[in-house]
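Hello,

Here is the structure I promised to pass on. Please open it alongside this note.

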Amino acid sequence: MTSTPVSTPRPSHKTLPAQPIKLYRSVISGHSHRVELFLSLLGLPFECVDIDLATKGHKTPAFLAMNAFGQVPVIQDGDITLADSNAILVYLAGRYADDAATWMPREPLAAAGVQRWLSVAAGQLAFGPSAARVAELFKRPANTEAIERAHALFAVMEQHLGRSAFLAGSAPTLADIANYSYVARAPEGRVSLEPYPNLRAWLARIEALPGFVPMVKTPIGLAA
């Protein structure tokens, strides 16, 4: 495990953690990036602890004690240890965001709208552009089924984003944070974003948010 420096907080939260939040991540993981992105957008102090997936750092007894599924990311916030990227996003919004109800609405219909896209992030996104990128990262044959699923997802998102600036309304929510990373790096999985101008404009709106941090670029697939 290697650590990177603690981030500099900005005054955009209702409270600060007593000590920097530890984020156990892999830099090539979009699931990890969505948590890092949200921590940065909230201006929270945090420290990234890099887990080497190649050497099975996520399968060690110490890591499995934090997440029995052996998956990144995991956060430690004081005496709280929490796994699953979408669950972490919900926790951070409720615990630290001044505008928690903007990121994760309380009104039933608006909340359902965000939850719908969190489900997409765990479903179509994971088995589409994310899976296509994994094949390239680990030098496997191109995952044509995942590429087809990615284009099917992007066609739906393209149409939706022609009517709405963000996935769940006119302002960014956890829906956008959960879906951004793997969409932005879809070309690494041989999924072109060129046919989707609304989708690319949405990516640009996320990237213009104060505190935005990009996901690492890997020169593979169409990005090689």
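Below is what I found in it.

This is a predicted model, in which local features need pLDDT of at least 70 and side-chain atom pairs count only at pLDDT 80 or more, while totals for chains, interfaces and linings use all residues. Residues are numbered from 1 along each chain as its sequence is written, and side-chain values use heavy atoms, with hydrogens and water left out.

Overall fold

The chain has nine helices and five strands. Both are DSSP runs numbered from the N terminus: helices are H or I with at least four residues, strands are E with at least two. The order from the N terminus is β-β-α-β-α-β-β-α-α-α-α-α-α-α. The radius of gyration is 17 Å, close to the 17 Å that the globule rule gives for 224 residues, so the chain is as compact as a globular protein of that length. That radius is taken over C-alpha atoms, and the rule is 2.2 Å times the number of residues to the power 0.38. The C-alpha trace spans about 45 × 45 × 25 Å along its principal axes. Buried residues make up 51% of the 224. Buried means under 20% relative accessible area, exposed over 50%, and partly exposed in between (1.4 Å probe, protein chains only).

A buried leucine

L39 sits in helix α1 (residues 30–42). Its relative accessible area is 0%, so L39 is buried. Leaving aside residues up to four places away in sequence, L39 touches I21, L23, L44, F46 and L92. Contact here means heavy atoms within 4.5 Å.

Helices α6 (residues 124–137) and α8 (residues 174–184) have axes that come within 9 Å and cross at roughly 35°. Axes are lines fitted to C-alpha atoms, for helices over the stretch in contact, and angles run from 0 to 180 degrees between N-to-C directions. From α6, L125, P129, S130 and R133 meet A178, N179, Y182 and V183 of α8.

Backbone points to check

Most residues other than glycine have a negative phi, and most peptide bonds are trans. A cis peptide bond joins V72 and P73, with omega about 5°. P73 lies in the loop between α2 (61–66) and β4 (74–77). K56 is not a glycine, yet has a positive phi of about 65°. K56 is exposed, with a relative accessible area of 52%. D84, also not a glycine, has a positive phi of about 80°. D84 is partly exposed, at 46%.

Best wishes
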